[in-house]
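Student: Could we go through this one together, a bit at a time? I'd like to start with the strands and then look at rings and a helix.

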Amino acid sequence: MVFLSSLIAKLIAKLKSVSVLFCKYRRYVCAALAVFILTGIFLLFLKVSSSGKSALALTFESEASDFSAAGSSKVLALNRNGKKGSVLSKKGSSAYFAFTDGQKKKIAAEFSKNGDGAFSLLVKVKKLSEKQLAALSGMKESGIQKNFSFGFLYEEDFLPSGKLKKNIGGRALVSADLTDFAALEDQHFTVCMCLPSDSKIPDESGILQKIPCGFFVYSSLPVSFPAVQFGRAAVGWSISGNFYAFAPNGGTVVRGAASFDFSGASLVFPAQNTEKTVLPQFFIGFDRGQGSAGSEENFKTIKVAFGGETFSFYRTNSKNQSSFQVLPAAALKNCYQIVTPGENSHLINSILLKASSPDLLKLKDRNVLKPIKADPGLIISWNSSSWRGRDYELFEWDLFPKILIFDTRSYSVQDDFFRRLAFYVEKAGYRGRLLTDMELGSLHGYNAHDYSAESLANFFEKARTEGVALNPKEYLLCDILVENGIILRSSDGSYSAGSGAVISISQESSQWLRRTFLAHECWHGIFFIDADFRNAVGAVYYTMDPVCLEFLKQFWSTQATLSYDTSDIYLMHNELMGYLMQQSLRETKRYFVSVANRGSVQRNQKATADYVIKTQAAGFEDSAKILDTYAFDNWGYGAGRVWLISR
């Protein structure tokens, strides 16, 4: 008890001593306590202001084609700039962002579904004063840049605690000089960087590796980031959209229609057409010309070099010509190389490389069913080594959907597809009848073909109702036509016409014959599907030089390899148009005079042949000019040219 009392007395004495000291030094103690509390509050503020949800939202292209808020969710901020979604320092600093677990799962799911993917960041460059712009201009003249960089963050960039490492190491970047975008008003541009394709990302335990966990941005001018989006891969640029897209190896933004290195796109897209992969496509956008349809100033030839190959694009203000042209990478000798706009490049507003439709991989018994959309000018010299099939490649005219173009490896393959059809549809003495294989024997069909949806449907319906056995290629043709809606198959197995047409050429023809045949057959394809064009042809038919018309009728009926049924007015209109439009206007006279001088023609129809020679085929030239003008005004085509791309 005495001990306890003594202990309490000592404690009271100590407290009195502390109290005396506190009174003596209370100002210093309070100040220290205040500093401690304020430091804690400041550290808490820094933590709150530099972590958590960012002002920046992630959208998905599958849910919104642009950067709209549909399906958006905030990304995580890893520093104060990331929290604000901007870099406002004029001395240069970085913003760091991470994806939430939910976002990462969705990114992986979208990537796995499509086999490719890319992140696009919308960047707003803050407006500058005239004084600031003048200073930047002087810096640029001195070779000083205002740098901007965009790159990805990966799992290895984070500590086990989830914090970002202080040093994250080098990596591929998309860079830009912001002096190119500085102005008196806010400016926007979009940078995009692709991920390597799924075939080039290691897959361990079912988890796709090397998909970014976040991204970072460095800027030496004030910028903000209104949105970021994950979508399909694209490589290239668009002036009108201020859009610059790069492969996984990154690159540097260059404004304007400049050369662009597409070699890195091999990390994103397949290297060749196979049963499981299909090469991508270039989408080339153009500005409209200033002239009116049909005027000389309206017609422009734009040159673009794809590596060592130069392509010419023919552009007009023709009412049906699209504002962009599709160039399948399979048409190129080497699809991943430097692309350089040349003559009239100021009319190009975009060159973007994107994945082809997965529908192109649809096969039946290893035979392709879906066509590659292409301009006919590309088909003429298309390398068969890039075909998806062994015996043929299937195309669809890009300007005229539902016109299918078959290119066959040989005349023999072409005959298997179309010879029986030729006799059923066009050959005098055989029309409307299905010949058996024995009856066909060694009879010659054509070296190029064209058929309407109605003729094709009638052919297969007659074979069905009469029980005529067809060959494997004809059954395959039927499947292709049904797959693409050229003919329709009802639930009872009957066939009816859908819409469109089919034309065919062969690799066995020489290059100049392929060009002539394709022009001839393509004009037939337009004739089948366009009523206005048929009316224009009809007007020419009934007003042209009657002796020239009679010359052609005699030629068609007396040549053993043709044997056209001249009682079929629809066929006569169609063939007249084909013969007038299969060569250029400067070749019209030479062609028809040459035909008139043939020995067989002189024997069979000397009077009309001599008339064509005497008049130098003037009647044919006059009629061809009328149709040539019509074609140019409507599509930008001309006699002898049904393509808007050539090489």
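Predicted model: local features only at pLDDT ≥ 70, side-chain atom pairs only at ≥ 80, totals over all residues.

Student: Okay, strand β31 then: how many of its residues are buried?

Tutor: Strand β31, residues 501–506, is mostly covered, with six of its six residues buried.

Student: Which residues are on each side?

Tutor: Ala501, Ile503 and Ile505 lie on one side, while Val502, Ser504 and Ser506 lie on the other, and both faces are covered.

Student: What about β20, why is it called largely enclosed?

Tutor: Strand β20 covers residues 324–328, and because four of its five residues are buried, it counts as largely enclosed by the rest of the structure. It is joined by five bridges to strand β17 (residues 281–286), and the two run antiparallel, with glycine 285 standing opposite phenylalanine 324.

Student: Switching topic: is asparagine 349 buried or exposed?

Tutor: Asparagine 349, which lies in strand β22 (residues 348–354), has a relative accessibility of 13%, so it counts as buried, the cut-off being under 20%.

Student: What does its side chain reach?

Tutor: The side chain of asparagine 349 reaches the backbone oxygen of phenylalanine 286 at 3.3 Å, and it also makes a polar contact with the side chain of serine 350 at 3.2 Å. If you leave aside neighbours within four places in sequence, the residues in contact with asparagine 349 include Trp237, Gly285 and Asp287.

Student: Now the rings, how many aromatic pairs are there?

Tutor: The count comes to 54 aromatic pairs. One of them joins phenylalanine 260 and phenylalanine 262, with 4.8 Å from centre to centre and 55° between the planes, and it is tilted; both of these residues are buried.

Student: Why is the pair of phenylalanine 423 and tyrosine 430 edge-to-face?

Tutor: Their planes stand at 90° with the ring centres 5.0 Å apart, so the pair is edge-to-face, a label that applies to planes over 60 degrees apart. Phenylalanine 423 is buried, with a relative accessible area of 4%, whereas tyrosine 430, at 26%, counts as partly exposed.

Student: Where do the charged ends of lysine 427 and lysine 106 sit?

Tutor: The charged end of lysine 427 sits over the ring of phenylalanine 423, 5.4 Å from its centre, and that of lysine 106 sits over the ring of phenylalanine 60, 4.6 Å from its centre. Phenylalanine 60 also belongs to an aromatic cluster, whose members include Phe97, Tyr154 and Phe230.

Student: Last one, what span should helix α14 have?

Tutor: Helix α14 has 12 residues (585–596), and at 1.5 Å a residue it should span 16 Å; its end C-alpha atoms are 18 Å apart, which agrees. Its buried residues include Thr588, Tyr591 and Phe592, and what covers the buried residues of α14 includes α12, α13 and α17.

Methods:
Residues numbered from 1 in each chain as written. Heavy atoms only, no water. Expected span 1.5 Å × (residues − 1). Buried < 20%, exposed > 50% of the residue type's maximum accessible area, 1.4 Å probe, protein only. Contact = heavy atoms within 4.5 Å. Phe/Tyr/Trp six-rings, centres within 6.5 Å; stacked < 30°, edge-to-face > 60°. Lys NZ or Arg CZ within 6 Å of the ring centre and 35° of its normal. Polar contact = N/O pair within 3.5 Å; in protein donor to acceptor, adjacent residues only side chain to side chain. Pairing = 2+ DSSP bridges.
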